[in-house]
Amino acid sequence: MVPVSIQMLIVSNGPVSSVVVLQPFEEAVQPGIFRVVPIWIGTNEAAQLSLALEQTRFSRPMTHDLFLDALTNLDARIDHVIINDVKGTTFFARLTLQQHDRLIELDARPSDAMALAIRQKAPIYIEESVLERASFPYVLRKRENSLDMEEELDQFHEFIAILAPQDFEEE
């Protein structure tokens with residue numbers, strides 16, 4: 001298992017899917033080259049991830065908040081998330097709960113599992129085999145100033161924009 005962080009979330013309002021980009025905490029594949037894993041998700045799922053990342057709270061509980069409240073009242077918590085498989089463009093995840101000394105694994109969509117993990121500050125992992133099959137290289141250049149960083153972000157956005165779910169299909 002390789003720990004990952006959410007590098008970027010692009011929320012789309014149109015017919016194009018939203019995308020969450022994961023980056024493993026790992027050494028560079030080659031100097032300056034890191035791997036990223038884009039996962040296409042629906043607009044609603046992207047909105048829930050965005051709310052979690054921004055730590056947005058509402059006066060009434062949202063679905064993920066309700067689930068976490070139920071877990072808390074059952075004396076359980078999110079232990080970790082593992083993105084454990086990919087078939088074509090579909091990713092699979094396991095949400096692991098901890099209740100006292102017992103671990104409980106649940107099948108989950110990666111977007112839901114990550115939204116819950118973020119809210120409880122639980123780690124997110126990806127299986128090495130999934131990382132090998134679904135990752136793309138990303139070149140990270142040294143930044144001299146903030147303009148270089150903006151240019152790099154623009155290039156990264158262009159990179160993500162040309163990727164399509166079909167790029168993940170096995171040949």
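This is a tour of one predicted model, stop by stop, with what to select and what is there.

Residues are numbered from 1 along each chain as its sequence is written, and side-chain values use heavy atoms, with hydrogens and water left out. Because the model is predicted, local features need pLDDT of at least 70 and side-chain atom pairs count only at pLDDT 80 or more, while totals for chains, interfaces and linings use all residues.

**Stop 1: H64**

Select H64, which is found in helix α2, residues 63–73. Helices (H or I, at least four residues) and strands (E, at least two) are DSSP runs, numbered from the N terminus. Is H64 buried or exposed? H64 counts as buried because its relative accessibility is 9%. Buried means under 20% relative accessible area, exposed means over 50%, and partly exposed lies in between (1.4 Å probe, protein chains only).

Now show the side chains of Q48 and D112. The side chain of H64 makes a polar contact of 3.2 Å with the side chain of Q48, and another polar contact, of 3.3 Å, joins the side chains of H64 and D112. A polar contact is a pair of N or O atoms within 3.5 Å; within protein, one must be able to donate a hydrogen and the other to accept it, and residues adjacent in sequence count only if both atoms are side-chain atoms.

Leaving aside residues up to four places away in sequence, H64 touches Q48, D112, A115, L116 and R119. Contact here means heavy atoms within 4.5 Å.

**Stop 2: helix α3**

Select residues 110–119, which form helix α3. Nine of the 10 residues of α3 are buried, so the helix is largely enclosed by the rest of the structure. The buried residues are P110, S111, A113, M114, A115, L116, A117, I118 and R119. After α3 comes K121, whose phi is positive, near 55 degrees.

**Stop 3: the nonpolar cores**

In soluble globular proteins, nonpolar side chains tend to be buried together. A nonpolar core is a set of buried Ala, Val, Leu, Ile, Met, Phe, Trp, Tyr and Cys residues joined through side-chain atoms within 4.5 Å. How many residues does the largest nonpolar core have? The largest has 34 residues, and I78 and I83 have the most contacts inside it. Helix α3 gives the most to this core, with six residues.

Select I83 next. Among the residues that I83 touches, not counting those up to four places away in sequence, are L22, I39, F91, P110, M114 and V130. A second, separate core has 11 residues, including M8, V19, F136 and I160.

**Stop 4: salt bridges**

A search of the whole structure finds nine salt bridges. A salt bridge is a side-chain nitrogen of Lys or Arg within 4 Å of a carboxyl oxygen of Asp or Glu.

Select R109 and E45. They form a salt bridge, with the closest N and O atoms 2.9 Å apart. R109 lies in the loop between β6 (102–108) and α3, and E45 in helix α1 (residues 43–53), so the pair ties together parts that are 64 residues apart in sequence. R109 counts as partly exposed at 44% relative accessibility, while E45 is buried at 18%.

Select D65 and R119. Their side chains meet in a salt bridge of 3.3 Å, N to O. D65 lies in helix α2 and R119 in helix α3, so this pair ties together parts that are 54 residues apart in sequence. D65 is buried, and so is R119.

Select R94 and E105. The closest N and O atoms of this salt bridge are 3.4 Å apart. R94 is in strand β5 (residues 90–99) and E105 in strand β6, 11 residues apart. R94 is partly exposed at 22%, and E105 is partly exposed at 47%. Elsewhere, salt bridges that share partners join R35, E128 and E132 into one network.

**Stop 5: positive phi values**

Most residues other than glycine have a negative phi. Select Q55, in the loop between α1 and α2. Phi of Q55 is positive, near 55 degrees, and Q55 is exposed, with a relative accessible area of 59%. Then select D75, in the loop between α2 and β4 (76–87). Phi of D75 is positive too, near 60 degrees, and D75 is partly exposed, at 46% relative accessible area.
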